[in-house]
Amino acid sequence: MKFGLGLPIDDPARLTHWARRADEGPFSTIGLLDRLAYDNPEPLVTLSLLAGATSRVRVQTEVLLAPLHSTALLAKQTATLDRLSDGRFTLGIGVGGREDDCRAAGIDLHRRGRRLDKQMALLCRAWSGAPYGHGVGPIGPLPARPGGPEVLFGGFAPAALDRVGRFGDGFLGAALPPRYMTGMFRAVEAVWEKWERPGSPRLVAQVNVALGPDDTVDRARRQMGDYYAFTGRADQMTDGMLTTAHAVREAAAAFADIGTDELMFYCWTSDPDQIDRVADAMN
C-alpha cells in the first residue's frame with residue numbers, strides 16, 4: 001500500500017515547502033481539496049506550481065468539484081497539468097454539496113450530478129484529441145497519459161460509484177473508517193465488473209491527521225471543524241482525526257487489510273514538521 005499526503009489550506013505560501021519535503025520522503029502523492037466560496041487556494045493553479053517544484057510525487061485534486069468549472073477550460077487545464085507534470089497528475093473528481101459554491105458558480109445544486117456526467121463525456125473526448133463539438137476543433141494540448149489523466153471519483157451515492165465504471169480509473173473515499181470503507185470498495189469492484197472493465201479499479205482512502213504539539217492539533221481541529229461546519233456533524237468529523245503515531249499505524253494496517261491501494265493522510269494545519277511525524281509513524 002502506498003501513502004499520500006493531503007496538503008493544508010491555511011497558509012498557501014508554505015505549500016511549495018510542503019511539496020518539496022513530501023517529494024524527498026516516502027510519500028507517493030500530494031493532494032489538495034477544492035472549494036469555491038471558501039478561503040482555500042485554487043487546486044489546479046496550485047498543483048501546477050507544486051508539480052514544477054517536485055520531480056517524483058504525483059499531484060492530485062481531492063476532489064475537484066467539476067460542475068463548478070467550465071468544461072472546455074477544465075479539459076485544457078487538466079491536460080496541460082498532466083502534460084507539464086509528465087503524467088504525474090491524478091484528477092480526483094466529484095460533485096460537491098455546498099449550496100454557496102453552486103450559487104457562486106451559477107449552477108443548479110440539484111442538477112450537478114447530471115452536469116458531471118455530460119462533462120465527463122466531453123472531457124474524455126477532448127483528452128483523446130477528437131474535435132470538442134460541432135464547429136469546434138480539438139482542445140489541446142494532448143495529455144501526457146494517452147486518453148487523459150488518471151481519474152478517481154469521490155462520493156458515496158450509487159451514481160458516484162457508477163461513474164467509476166463508466167469513466168474512471170478508481171475510487172477515492174474519504175471520512176469513513178475501514179469497517180465502513182470496505183463496503184464502498186466492494187461496491188466499486190462490483191460496478192467495475194458490471195461495466196466489464198479490465199483489471200481492477202484503484203482504491204484510495206483518505207484519513208484526517210494532526211501529529212504534533214497541542215497547539216498544532218488544536219489548530220487542525222478548528223480548521224477541519226470550520227470546513228465541515230455546513231454538514232452539522234463537524235464535531236463527529238473532528239473526533240475521527242488521527243492524533244497519535246499509534247493511531248496512524250493502526251489505521252494504515254486496517255486499510256491495508258481491506259485492499260486499499262493508497263492511503264492519503266490529510267493534514268489540516270501548516271506545521272511542516274507533520275510531514276516527518278507522519279513518515280516516522282508509518283515506519
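A residue counts as buried when its relative accessible area is under 20%, as exposed over 50%, and as partly exposed in between, with a 1.4 Å probe and protein chains only. Asn-208 is therefore buried, at 7% relative accessibility. The model is predicted, so to speak of local features takes pLDDT of at least 70 and side-chain atom pairs count only at pLDDT 80 or more, while totals for chains, interfaces and linings use all residues. Residues are numbered from 1 along each chain as its sequence is written, and side-chain values use heavy atoms, without hydrogens and water.

Let's stay with Asn-208, which sits in strand 7 (residues 202-209); strands are DSSP runs of E, at least two residues, and helices are runs of H or I, at least four, numbered from the N terminus. Its side chain makes a polar contact with the side chain of Trp-268 at 2.8 Å. Such a contact is a pair of N or O atoms within 3.5 Å; within protein, one must be able to donate a hydrogen and the other to accept it, and residues adjacent in sequence count only if both atoms are side-chain atoms.

Trp-268 leads us on to the largest nonpolar core, where Trp-268, Phe-27, Phe-171 and Phe-265 touch the most other members of the 76. Helix 7 (residues 178-194) gives the most to this core, six residues. Apart from it lies another core of 10 residues, including Leu-68 and Cys-102. A nonpolar core is a set of buried Ala, Val, Leu, Ile, Met, Phe, Trp, Tyr and Cys residues joined through side-chain atoms within 4.5 Å.
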